[in-house]
Amino acid sequence: QVQLVESGGGLVQPGGSLRLSCAASGSIATYYMGWYRQAPGKQRELVADITISGSKNYADSVKGRFAISRDNAKNTVYLQMNRLKPGDTAVYYCNMGRFPTHWGQGTQVTVSS
């Protein structure tokens, strides 16, 4: 039972950057991994994912600004977020597998001036 802990969120001004980390308690090497976010009053959405082989996909809203990566040796997945916008404000979660059922606390990202 791998546990995931998100970190790296915070308050940042528009145009700024943050790097989120998702630390796993066990191996992630054989799992599809994804970053999700949920803004107030909105559904949780998948913003970026990375397959076992390293293929990446992004939601249109973040394409070109966000980058997902994985370090299997460190059992960690990252989300580099650049040129942040107020619309990126949300709680960000990571998870494993294509149909996750359990969610952690996430990490709050607030983009505001």
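A strand here is a DSSP run of E with at least two residues, numbered from the N terminus, and two strands pair if DSSP finds at least two bridges between them. You're looking at a predicted model, so a few ground rules apply: local features need pLDDT of at least 70, side-chain atom pairs count only at pLDDT 80 or more, and totals for chains, interfaces and linings use all residues. Residues are numbered from 1 along each chain as its sequence is written, and side-chain values use heavy atoms, with hydrogens and water left out.

Select residues 66–71 (β7) and 76–81 (β8). These two strands run antiparallel, joined by 6 bridges. Click arginine 70 and you'll find its bridge partner in β8, valine 77. Now look at the 4 residues between the strands: asparagine 75 takes a positive phi near 50 degrees.

Arginine 19 stands opposite glutamine 80 here.

**Stop three: the open sheet.** Next, pick out 6 strands in the order β2-β10-β9-β4-β5-β6, with mixed pairing. β2 (10–12) and β6 (56–58) stand at the edges with a single partner strand each, so one side of each has no neighbour in the sheet.

Finish by zooming in on β2 with β10 (residues 107–111): they pair in the parallel sense over 3 bridges. Valine 12 has valine 111 of β10 as its bridge partner.

Definitions and conventions: Buried < 20%, exposed > 50% of the residue type's maximum accessible area, 1.4 Å probe, protein only.
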